[in-house]
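Welcome, and thank you for taking a look. Please keep the model in view while we walk through it together.

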Amino acid sequence: MMEFKLPDVGEGMHEGEIIQWLIKEGDAVTQDQPIVEVQTDKVNAELTAPATGVVKKIFFSEGDIVEVGTTIFTIQEGNDMPAPETGISEGDIQVIQSDDVKVNGEHVTSKPHLDAVRVLATPFVRQMAREMKVDIEQVIGSGPAGRIIESDLKQFKENNSIIRENANNNDDKILQDMSPMKYAVQAKGLEKEWEERILLKGIRKKIAEHMVKSVSIIPHVTHVDELEMDRLKELKDQLKAYSDDKDIKLTFLPFFVKAIVIALKEFKTLNASIDEKTNEIILKNYYHIGIATNTKEGLIVPVIKHADQKTIFQLADEIRQLANQAREGKLGIDQITGSTFTISNVGPIGGMHATPIINYPEAAILALHKMEQRMVVRDLEGVIRLMMNMSLSFDHRLIDGVTAVHFTNRIKELLENPIRLVVEMR
């Protein structure tokens, strides 16, 4: 009998939440077959069977929180499985071909166990099926090994009008089934006032815990400044033809990454952390830049590793790929860990200032805000310039206010004079 213990699928993971069992006790499974979806503090992970056999015991229910190293199910491996009690003697069975047997002169299929195997699909596709109210077990997969992909769900939804009608007729029941922890409370004597209570769990719970830890340990200070972006926009526009040729969408963000990396090399405490256990300051001579990305599951921070060694176009392409993977829930644990400095780009949705919370244990985070035409004074005259604000929150244990201002001044110098940025890039 093989015991399957919850592994550490993340960096420093201590526990995980059972999101969905893909099998049930008694099911025959094959090695590497998806068994259970587990949610860590950063990703959803699909765990697979370590061996071929039969699932004997499942120890936890969906929604349970399980510590790493705890046995969550057992498998009776294929070699240990008892022979089925059929009441048929060996002499009654005649092998016809690999998939069929003959019992007392009648053909019987030898593949009944395959009916018990759950369909193959990624957590993202399963989530998509739930949102579309499609019974994924009814969908035929066209991916590798019959895996169900997004287009299979869409095709099923379009073609199966009966299922759509049933789904519509049972909306209330489906909603109840899909949101067992969500319910409404009517206040006494206030018939028109309602409130909803939703259990804080999963990635949202982990985000909350991470934010509390950060502000509890790190004394935050936020410094705000503004940038004039006209010259950088001119450079970006000039590079558009080159980026189009490479089929790369060029935004302002890669330029910020390069400018920040140059400044981090000069102000090392901004690319550092404190080890509270050893009471040491860790200065990091590598530059892994996290890009805070909004997803339907919450804020995810994919990481550009060794950003100092990449070109503007390489950064632009990697940022786009990581952002798409984040929104589709396809990032691996190595893609969201190890950042040394984080950028939060909230400009596309608006806002002038913020007090961003540092991505613990880093020393600082820079938020970028909306870009807009503003009236400013240059040479004692009012002129219109393309302006944007940036907010730098920093760990006041490591960084003094003066250092923070010098740091943002250096970023301004490089971005407001992009020729200097280009010259200083390595």
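A residue is called buried when its relative accessible area is under 20%, exposed when it is over 50%, and partly exposed in between (1.4 Å probe, protein chains only). Helices (H or I, at least four residues) and strands (E, at least two) are DSSP runs, numbered from the N terminus. This is a predicted model, in which local features need pLDDT of at least 70 and side-chain atom pairs count only at pLDDT 80 or more, while totals for chains, interfaces and linings use all residues. Residues are numbered from 1 along each chain as its sequence is written, and side-chain values use heavy atoms, leaving out hydrogens and water.

Let us begin with helix H10, which covers residues 401–416. Its buried residues are Ala404, Phe407, Thr408, Arg410, Ile411, Lys412, Leu414 and Leu415. Two of these, Phe407 and Arg410, will guide us onward.

Counting contacts as heavy atoms within 4.5 Å, and setting aside residues up to four places away in sequence, Phe407 touches Ile260, Ala263, Leu264, Phe267, Leu270, Phe341 and Leu392.

In general, side chains of opposite charge can pair when their charged atoms come close. Arg410 meets Glu266 in a salt bridge of 2.9 Å, N to O. This pair links distant parts of the chain, with Glu266 in helix H8 and Arg410 in helix H10, 144 residues apart. Arg410 is buried at 11% relative accessible area, whereas Glu266 is partly exposed at 42%. Arg410 also forms a salt bridge with Glu413, their closest N and O atoms being 2.7 Å apart. A network of salt bridges links Glu266, Arg410, Glu413, Arg420 and Glu424.

Finally, turn to the strands, which pair if DSSP finds at least two bridges between them. Four strands form an open antiparallel sheet in the order E1-E8-E6-E3. Strands E1 (2–5) and E3 (28–29) stand at the edges with a single partner strand each, so one side of each has no neighbour in the sheet.

Note on methods
Expected span 1.5 Å × (residues − 1). Salt bridge = Lys/Arg side-chain N within 4 Å of Asp/Glu carboxyl O.
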